Amino acid sequence: MLSRFWEFHGGVRLNRHKELSSEQPLAVAPIPKQLIYPLQQRGGLNSKALVAVGDQVLKGQIIAGDDHPLSVPTHAASSGVVTALEYRPVPHPSGLDGLCLVIDTDGLDRAVRTKSVKDFNHSKPDTLRRRIREAGVVGLGGAAFPTATKMNTGNRTIDLLVLNGAECEPYITCDDCLLRTTPDSVLQGAAILMRILGVERCIIAVEEDMPEAAQALEKAKLGGRPPSPPAPSPRFALPDGEGSKGVADATTYSNIEILKVPSKYPTGGEKQLIQVLTGREVPVRGIPADVGVVCQNVGTAAAVYAAVVEGAPLTSRIVTVTGPGVARPQNVVARIGTPIAELVAYCGGYTERAQRLIMGGPMMGLALPSDELPTIKSTNCILVADSDAVGGEKQALPCIRCGACSEACPVNLIPQQLYWHSRSDQLKKAQAYNLFDCIECGCCDYVCPSHIPLVQYFRAAKGRILDKQREQQKADHARLRFEARQARKEREKREKEEAARRKKEALAKAATDESPGRPPPSP
Amino acid sequence: MKPILSAPFSRDDTGVSAIMRKVLLALTPATVIGLLLFGWPALFLFVVTVGSALLWEALCLLLAGKAVRPTLLDYSALLTGWLVALSLPPWAPWWIGVTGSFIAIVVGKQVYGGLGQNLFNPAMLARVALLVSFPLEMTTWVNPLNAPGWADSWTIAFGGDFAFDSYTGATLLGHLKTEFSQGRGLSAAYASGGYGTLASWFGVTRGSLGETSAIALAGGGLWLLRQKVITWHIPVSLLATVIVLASLFTLIDGERYPGPLFHLGSGALMLVAFFIATDYVTSPSSPLGQLLFGAGCGAIIFLIRTWGAFPEGAGFAVLLMNSLTPVIDHYVRPRIYGRDLKGRPLELEGSQ
Amino acid sequence: MLGILLVCALFALFGLLLGYSAIHFRVEGDPLVEKIDAVLPQTQCGQCGFPGCRPYAEAIAKGEADINRCPPGGEDGVKALAELLGVEAKPLDDAVGGEKPKALAVIDEQKCIGCTLCIQACPVDAILGSAKHMHTVIASECTGCELCVPVCPVDCIAMERVAETLASWKWPQPRSVLP
């Protein structure tokens, strides 16, 4: 299966370390004692708790949500009692606390009744989108953008659905695992997404280093069964028997192409993958739909399938627990909200090499302050790294302008210029070099021979610029309020004077009027 | 709590010192050939220059109150001193080496704020400053494979009376310049030049300590390319420009203008093309900018060699183009993903 | 003769060029006061000794006041003013007080007697309430100018530091190990 691909600029080849977790079979984590749900969603949005402390909740019950269009509901992943609504550490780089709902599970796993759409081929796209939103489905690749919102492409013409199975970050194998164990759910998810978009063509992209996943997909596409037995999780279970759920038959899949893309980081970046597959470039500040493409993670497609066909909300996902600091690296089906400590314990606990806890991959992940934090919807990987991975603390040397960063940048920026300007607080110049086009993929940082923490410089500079803009807005607002107040006071003063003058005039008039002995004017 | 730390948590192993080590390794063949050809005086000069470069660096770091060890160990001062030594006449006295490394390290690098901050290539700055200040010492070229014994060598390097005359002559470039000025043609000049083009390619000719062997330098340079320490843009555009100009003019008048093979094999061209012009700090960062930079260097070298007052123009060419690097970097920027060449967001087909 | 003519022609050409650029590249300038006022933080706190940000901006523009008299703007603000005016930045004037962390006024609603004095003092109408009724600060409008604090007869207004939240947190600059 040789295909010609387009190339994006830069990128790096990384040590993949995928065999650590990918060679173990998929396991299902037990119900944790506690489930924790941060109410903060992406982009600073907060959802509201819809249950109170002391409430009994069932698995699949909505426990938090908001009317905001970019907000999706959160569902309980198991049954139990809400025991707290309090500030706890959340997965965020700051290490600050956020408001969380805490459920103590009862181990019974009683679920709410779900309704399913047996035949989505006759459902309206709007209906399907609404179901996807109600099921709380977000992008599972890492960005956690609400899937239903992304599937609403307005009046843009879409001609291609891309399912992103190109896991380019080292260590992470959850998508690979998903494709190998339940390729049907991904294919069916693809069919649903294609119906919503009304597109005729879908590409499922996997990396060339994932031959088993591609094979499993091809086999499933031909109507065969995946090589390994279906996952034991109810969410990932396959329909038994042929067409028992009345879903798309194998012929529907003829429009779905399975392509193996080069294993170069960051091929799995949405815009990079679209460039590799189609040669199309998404304009700055645009979205892929602007160039006729919608891209979803393969895990998202499986979640869409579960949401629509099984009526199951998004309450669990595959998480790769891996790294030299874990005793038994493997992929596990974990309930969203499971404390990381319990997941690691299930994987045999820490080894003595454990140094740092990372949520996500080593290139774009998040360093976590503790393992009390829960997994969230976008948690694809828990990486327990050893001291080798604490590279950011290496002694940085002066920049020698070698240009390795520019060569590695997939956006074709000049990181070294961004660095000089960010470091010396010349934020306008940094913006002139298009700081905000930076996708923070970490390639420049990775290749820098001087070990300069470039990405953090860029993040800090972006933060300061946004901060300044907020402050400027606030100042402008305050100026308007101040000027309005000045004007009002001025007006009041004038009115007072006016009133005083009129009164005086009236008095004077009255005095003059009175003297000729005329009767006083009637009011 | 652990300090806040941003991704990525993984790093490539290549460090600054590894890069510098590779460059030093690539310079080694040419250096060894130079030392063999020019004997003990050359070795003395080499050691003095490199050693003093390290001392100047350490002194500057101490004065600036910076940590000495990490910077000294990154091999950058060693490399700078090494390059200065390679571009000196092989039997130059010790104080030329010390002055050269002073200009390179102190004036050329530390005054700007150290590694990565300098505008001009330190080694070329030293070369040009020395050439202008000490024209006699800087143009005393000795014959290869003609070195005296230990004692005489000591005298040559560290002062004393030594009769140079029987050992010296002009470089091939200088010889041609003199011959042309006296109205003789190229074939006559070659005949009286002493060393053939082929021999000079291997280094058997008069010239700077480490510049004579074009083959060894090109070999080291190609290895650096393979190691991805440098990119092809500057060497290729620089050499191609010289080749194109030399071919053009030799076709116009073969008696007046020597051909490309002569140009490539003589003077500092190979050293400059692979090791000097490719200096990260003082060359443009974008590929197109590097092509322009290389072409500019090549053109200026050819201009000075052919019509200038000096027989060799590599140092001047590099310094001139160094001064243009910020301008090139400002105007030549790569096209950013999702933007057009001018930095505006891409327009969508079929939309306004 | 030719030389003189040539020089004249050259002068004429330059004159035309200058004239052209004067028309074509004219800077449509905000008056200086507007620009200075745009840099100031608009707290209207009067710590600079002028009754509000605009009067201070006017004073700077006239050269009657120094640029380092605005504590809410902080060192960053002084830097921005210095850049705008093309002068050297300097540390904040000690006489006007130092830079403080951002804070908002909060009224202790138990103690408030509804005197409306703070409402009159607030330069941006950020306090709600009426006579004999409890007052409250609209947090999103408060600039932290502290003008309401001294006028309160029962000392029920306190400045509370703005705590860092998940939304306001930003990445710190890496701990620089560079020279």
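Predicted model: local features only at pLDDT ≥ 70, side-chain atom pairs only at ≥ 80, totals over all residues.
The model scores ipTM 0.87 and pTM 0.87. For chain C, the pLDDT averages 84, and 94% of the residues of chain C score at least 70.

Chain A touches both other chains discussed here, B and C. In the contact with chain B, 52 residues of chain A meet 35 residues of chain B. The chain B side of this contact is made of 18 nonpolar, 10 polar and 7 charged residues. In the contact with chain C, chain A contributes 24 residues and chain C contributes 22 residues. On the chain A side, helix H14 (residues 454-514) supplies the largest share, 13 residues. By class, the side of chain A that touches chain C holds 10 nonpolar, 8 polar and 6 charged residues.

Next come the domains. Chain A has two of them, domain 1 (19-335) and domain 2 (390-511). Their C-alpha centres are 36 Å apart, and the contact between them takes 5 residues from domain 1 of chain A and 5 residues from domain 2 of chain A. The side of domain 1 of chain A that touches domain 2 of chain A has 3 nonpolar and 2 polar residues, with no charged residues.

Chain C is likewise divided, into domain 1 (32-96) and domain 2 (103-161). The C-alpha centres of these two domains of chain C lie 26 Å apart. Here 6 residues of domain 1 of chain C are in contact with 7 residues of domain 2 of chain C. The side of domain 1 of chain C that faces this contact consists of 1 nonpolar and 5 polar residues, and no charged ones.

Within chain A, one element to follow is an open sheet of 4 strands. Its order is E2-E8-E7-E4, and the pairing is antiparallel. Which strands stand at the edges? Strand E2 (34-38) and strand E4 (56-57) of chain A do; each has a single partner strand, so one side of each is left without a neighbour in the sheet. The partner of E2(A) is strand E8 (residues 97-105) of chain A, and the two pair in the antiparallel sense over 5 bridges. In this pairing A:Gln34 stands opposite A:Asp104 in E8(A). E8(A) also pairs with strand E7 (residues 80-89) of chain A, in the antiparallel sense and over 9 bridges. There A:Val81 is the residue that stands opposite A:Asp104 in E8(A). Strand E13 (residues 316-322) of chain A pairs with E17(A) in the parallel sense, over 3 bridges, and A:Thr322 stands opposite A:Leu383 in E17(A). Strand E15 (residues 356-359) of chain A pairs with E17(A) in the antiparallel sense, over 4 bridges, and A:Arg356 stands opposite A:Ala385 in E17(A). Is E17(A) enclosed or open? Of the 5 residues of E17(A), 5 are buried, so the strand is largely enclosed by the rest of the structure. In a regular strand the side chains alternate between the two faces of the sheet. In E17(A), A:Cys381, A:Leu383 and A:Ala385 point one way, A:Ile382 and A:Val384 point the other way, and all are buried.

The last element is helix H5 (residues 183-197) of chain A. H5(A) has 15 residues and reaches 21 Å from its first C-alpha to its last, close to the 21 Å expected at 1.5 Å a residue. Of the 15 residues of H5(A), 14 are buried, so the helix is largely enclosed by the rest of the structure. A:Gly198 follows H5(A), and its phi is positive, near 70°.

Methods: Residues numbered from 1 in each chain as written. Chains lettered and ligands numbered in written order. Contact = placed C-beta atoms within 7 Å. Nonpolar A, V, L, I, M, F, W, Y, C, P; charged D, E, K, R; others polar. Pairing = 2+ DSSP bridges. Domains from an automatic or database assignment. Buried ≥ 20, exposed ≤ 12 C-beta atoms within 10 Å, placed from the backbone. pLDDT = per-residue confidence, 0-100. Expected span 1.5 Å × (residues − 1).
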